[in-house]
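Here are my notes on the model you sent.

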Amino acid sequence: MTAKIPPSSPTQVICVEHLEYAYNKQAPSFVLPKWQLEKGQRIFLHGPSGAGKTTLLNLLAGILVPQQGTIHLLDKPFSTCRDSQRDKLRAQHIGVVFQQFNLIAHLSVLDNIRLAAYFAKQGKQVDEHAFDLLHKLQLPDNIASQSASSLSIGQQQRVAIARALINAPELLLVDEPTSALDANARDAFMSLLLNLCEAHNTTVIFVSHDPQLASYFSQKVALQDLVTIKEPNHVV
Amino acid sequence: MLFRFALSSLKSRRKSVLLTFLSLLISISVLLSVEHIRSQAEQSFSRTVSGVDLIVGAPSGQLNLLLYSVFRMGSPTNSISYSSYDMLQNHAQVAWAVPIALGDAHRGYRVLGTSPDYFTHFHYGNKQPLVFSSGGAFAQPLEAVMGADVAKKLGYQVGDDIVISHGVGAVSFKNHDDAPFTITGILAPTGTPVDKTVHVSLQGIEAMHMPAKALRQYLSASSETQLNLKPKQISAVLVGLNNKFATFTLQRQLNNYKGDRLMAILPGVALAQLWQMMASVENILMAISGLVMLSSLFGLSTMLLASMQQREQEIAVLRILGASSLTLLMLIMVEALIITLSACLASLLLTFGLFTLFSDTLANHYGLFISANVLSPTSAVLLAGVVVASLLTSLIPAIDAYRNGLHARL
């Protein structure tokens, strides 16, 4: 199989085909026949717990590798390439914000952001860019030198956005980021996140089971419509 | 960035890191000290005497004779008669013979009765002669020459008077007050037991042991009579030969000498035997310090391994940021390396400090002249070995981090 090299910059950020994944042979497998995301799309992905939200995010981030099928990131093979290549692609093109504990507790805020740039091998003007992002996220300048563990959870989640966006990734994966925030903080967080992503034309997959957040998105996808869970074949 | 990350991670666990560091510091210091003392003792022993072909004394063991005649340790079990010295001096094969009489001390420093020839014939190190830093050899019975350390420690200068005590202890109940000695010279430092010795003439030793009346009589006699005073007995004789090939022949002759009971030893052979005895003790010490080292390396590995559980979150974050599993492995190795290297550096400083502090005690009590400079090719090899070993043992937690990295989830 030869890789197809597109002539211009790809508009397809992620392309999943015939994906199948199971944690082990006895576990039910997670099947996703086809899913494509264009540049700039912002998706609200919802579904009950156990539907495989986290599995999907792990697969899209390249932390898990499907047993069958392929994932292409920006038209490049992502699930079938070498581990080191996948780590590099993830560092450069994917940003992730988790529910909690996004930051390395013993590093300063600025070093947390620098770390992301370091793994993406983006040496230039990182600090400048980091301060710019912190500004846009309405965080004070002096927060940069504070240790991550001294921040409030709301502040930590905003720093997590700054870190996820420092390398200007094409794809942002967000996993229940507001579960630990109160309503006010949640609204502020959502509008800051979506404004920044709009400005950068970033594709966002926002996973949550909180229907109140759905209103921020025009595109909503129920995981059950996308994915089927197949019970394992018990071969005698 | 990896280095900064490792440093910051270590700082966040400073208590367990500090304890691990201390355990490494101690074990590396022990290892360095044992090795340093070993190499320095070997050097210090072999440089103690040079240019002396035979040491002749009363029959005992060759180590005993070597220890008291050269290292000023222990006491002569027996004496030889002065006529044996005369015999040696007149022997055809003998180039020079220097008598030695031991048994007295000055404020804890051994007193050596000898002839002025001692200062020309006794050599140390690589055939280096003794050199006077001030003054010169004694000429009169009640004159003394100080070793460099004695003069420095007791603050003596040429012209000062000293009193010698009977016996070799630091505290003596019998002082030879009637016969004070005048210092005529001070020797330059040699790094051998010579530095710790007070040298006087054989006549001086003989005179100070006289009863008060005889001593007064002796001291009022002419200087020619004074110098002709011959002791009956001496402790040993250092002998230099005209022809080295005659060494064994003469040794055999002396051991079978009918006129006196004599034993002749070759200093080189006796030193080698002494060294062999020390070597087995040192090998044991070396093995023990190696084991201590190993156990603190396991401590390092345990500390890092225990931290892996607290760090699952951290590892997941690093993986998401694009760190490869190999990077995580490296990160743990860098942490181990930081601790080990700083422990190596600190133990170099510590051992340097300790040897600077205790070099005098070692020299006084054990006759070991240890330099404080612990840097040597051997210690460099040892430290490199420690670093390599720490990298190997830290592979255990590092591989754990690698596996965690592979299985990390969002």
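Which side chain does a polar contact of 3.1 Å join to that of B:His91? Point 1 takes this up. Please keep in mind throughout that the model is predicted.

1. **B:His91.** The partner is B:Gln253: the two side chains are joined by a polar contact of 3.1 Å. B:His91 itself sits in a loop of chain B, between α4 (82–90) and β3 (94–106). Its side chain also reaches a backbone atom, the nitrogen of B:Gln93, at 3.1 Å. Set aside the neighbours within four places in sequence, and B:His91 is in contact with B:Leu250 and B:Gln253.

2. **Extent of the interface.** Interface size is often given as the accessible area lost when the parts come together. Here chain A and chain B bury about 2,300 Å² between them. Carbon and sulfur atoms account for 68% of that area. In chain A, the residues that lose the most area to chain B are A:Ile63, A:His106 and A:Phe119. Together they make up 27% of what that side buries. By residue, the contact takes 25 from chain A and 22 from chain B.

3. **Polar and charged pairs.** The count between chain A and chain B is 2 salt bridges. One of them can be named: the side chains of B:Arg4 and A:Asp111 meet at 2.3 Å, N to O. Check that distance in your own viewer. Across the interface, 5 residue pairs are in polar contact, with both residues at pLDDT 80 or more.

4. **The chain A side.** Which elements of chain A give two or more residues to the side that touches chain B? They are α1 (53–60), α2 (83–93) and α3 (109–119). α3(A) gives the most, with 6 residues. By type, this side of chain A divides into 16 nonpolar, 4 polar and 5 charged residues.

5. An unreviewed UniProt entry carries the annotation "transmembrane region" for residues 49–71, 284–306, 326–358 and 378–399 of chain B. Take two of these spans in the model. Residues 284–306 of chain B are 100% helix and 0% strand, with end C-alpha atoms 33 Å apart. Residues 49–71 of chain B are 39% helix and 17% strand, and there the end C-alpha atoms are 9 Å apart. Please look at both spans side by side.

How values were computed: Residues are numbered from 1 along each chain as its sequence is written. Chains are lettered from A and ligands numbered from 1 in the order in which they are written. This is a predicted model: local features need pLDDT of at least 70, side-chain atom pairs count only at pLDDT 80 or more; totals for chains, interfaces and linings use all residues. Side-chain values use heavy atoms; hydrogens and water are left out. Contact means heavy atoms within 4.5 Å. Buried area is the accessible area (1.4 Å probe) that two parts lose on being put together, summed over both. A salt bridge is a side-chain nitrogen of Lys or Arg within 4 Å of a carboxyl oxygen of Asp or Glu. A polar contact is a pair of N or O atoms within 3.5 Å; within protein, one must be able to donate a hydrogen and the other to accept it, and residues adjacent in sequence count only if both atoms are side-chain atoms. Helices (H or I, at least four residues) and strands (E, at least two) are DSSP runs, numbered from the N terminus. Ala, Val, Leu, Ile, Met, Phe, Trp, Tyr, Cys and Pro count as nonpolar, Asp, Glu, Lys and Arg as charged, and the others, Gly among them, as polar. UniProt positions are given in the numbering used here, feature names are shortened, and annotations may be inferred rather than shown by experiment.
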